[in-house]
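Please examine the sequence and the structure shown below. The report that follows describes the sheet, its helices and the core.

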Amino acid sequence: MTLGRIFNYLLLNMSYYLSQWFRKPIHWGTPVAISIEPTTACNLGCPQCPSGLKQFTRPTGNLKVDLNTTILDQVGKNLQYINYYFQGEPFIHKDFLDLVKDARSRNIYVVTSTNAHFISPAVADKIVESGLSEIIISIDGLTQETYEKYRIHGNLEKVLEGTKNLVAAKKKFGVTNPIISFQFLVVKYNEDQIDDLYRLAKEIGVDHVNLKTIQVYDFESAGAELIPEQDKYSRYKKNTKGVFELKNKFKNSCWRMWSSCVFTWDGKVVPCCFDKDAENQLGEIKNQEFSAVWKSSIYSDFRKKILVDRKSIEICKNCSEGSKVWV
Ligand code: SF4
């Protein structure tokens with residue numbers, strides 16, 4: 001943390017709360033967090049993911065190393081957190097760890113999320129050497145049968161092997177980074193495995209377990225089959241007609257629109273990770289300076305829509321953001 005970063009954070013918060021108060025977009029400061037998409041390619045075929053289903057209408061490809069540097073240069077020194085993940089499997093990008101190294105050299109906390117199918121002992125060593133701060137490993141079932149129900153074409157054995165390789169590499173180098181987290185997407189057919197998941201994580205040497213509620217596109221019909229029975233693991237609840245609806249109150253606010261944004265592999269700026277197919281493009285870093293995009297009338301109009309009528313934005317309809325006061 002630097003004085004500049006603290007000041008920027010205060011500016012963001014002040015403008016966020018003033019915007020809420022006056023119901024018009026006031027914006028000061030620069031992003032504290034961004035997501036950057038290394039690639040749209042993925043080795044799996046998960047049913048609620050356009051990358052896995054190869055359903056993108058936008059172009060697919062890999063982030064160039066020099067475009068990554070441009071993004072980091074232009075977003076600037078107030079940036080504290082990067083999630084190198086949006087769609088696709090990051091480790092398919094052959095220079096992925098070079099992207100990470102560039103960000104780490106700028107004193108930024110760097111996280112990625114992976115299906116862990118490509119973490120051989122040699123790759124595990126390189127991950128540790130890159131200085132990556134945290135790695136989230138998706139494990140959504142403790143038997144091959146439950147795992148591959150959602151992670152179609154996935155191999156649970158590979159996930160466990162990759163995780164163990166990483167734990168061993170950390171021991172070999174005598175370091176605590178990257179922090180290793182298991183992410184478990186709770187669905188109807190794996191919700192009874194949660195206790196075993198904690199036991200397994202401890203046994204292997206995984207640092208954290210994150211239970212994630214599933215986002216289902218068609219939760220009013222076919223997707224309802226994935227929604228867990230236990231209410232605490234679901235972001236949906238049944239209404240009086242027996243149809244699922246979002247649990248959270250739908251407020252006209254979104255902290256993410258003041259503090260962060262997402263870059264696609266080809267440099268497009270989109271509001272957040274819900275915009276998987278980049279339908280709401282706010283600018284493109286190949287054609288414009290990021291500062292111009294961040295302050296543009298397109299961005300401002302989008303923020304205004306959030307403040308006035310968030311429900312009118314398609315991607316926001318299925319999002320739990322805005323129920324939080326502070327992030
Ligand atoms: S979907 Fe809408 S409300 Fe949710 S994070 Fe994105 S912009 Fe904000």
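## The sheet, its helices and the core

N83 stands opposite V111 in β3. The model is predicted, so that local features need pLDDT of at least 70 and side-chain atom pairs count only at pLDDT 80 or more, while totals for chains, interfaces and linings use all residues. Residues are numbered from 1 along each chain as its sequence is written, and side-chain values use heavy atoms, with hydrogens and water left out.

Helices (H or I, at least four residues) and strands (E, at least two) are DSSP runs, numbered from the N terminus. Two strands pair if DSSP finds at least two bridges between them. An open sheet is formed by 9 strands in the order β6-β5-β4-β3-β2-β1-β9-β10-β11, with mixed pairing. At the edges stand β6 (208–213) and β11 (283–284), each with a single partner strand, so one side of each has no neighbour in the sheet.

| Strand pair | Bridges | Direction |
|---|---|---|
| β1 (residues 33–36) and β2 (residues 81–83) | 3 bridges | parallel |
| β2 and β3 | 3 bridges | parallel |
| β3 and β4 (residues 134–138) | 4 bridges | parallel |

Individual partners can also be named: S35 has N83 as its bridge partner in β2, and T112 has I135 as its bridge partner in β4. In β3, 5 of the 6 residues are buried, where buried means under 20% relative accessible area and exposed over 50%, with partly exposed in between (1.4 Å probe, protein chains only).

β3, helix α4 (residues 121–130) and β4 make a right-handed β-α-β unit. A crossover is right-handed if, with the strands pointing away from the viewer, the path from the first strand over the helix to the second runs clockwise.

In helix α7, the residues I194, L197, L200, A201 and I204 are buried. Seen down the axis of α7, these buried residues fall within an arc of 110 degrees, so they line one face of the helix; the arc is that of the directions from the helix axis to the C-beta atoms. On the other side of α7, D195, R199, K202 and E203 are exposed. G205 follows α7 and has a positive phi, near 105 degrees.

The largest nonpolar core has 88 residues, of which Y84, F182 and F263 touch the most other members. Such a core is a set of buried Ala, Val, Leu, Ile, Met, Phe, Trp, Tyr and Cys residues joined through side-chain atoms within 4.5 Å. Helix α6 (residues 156–173) contributes the largest share of this core, 6 residues.
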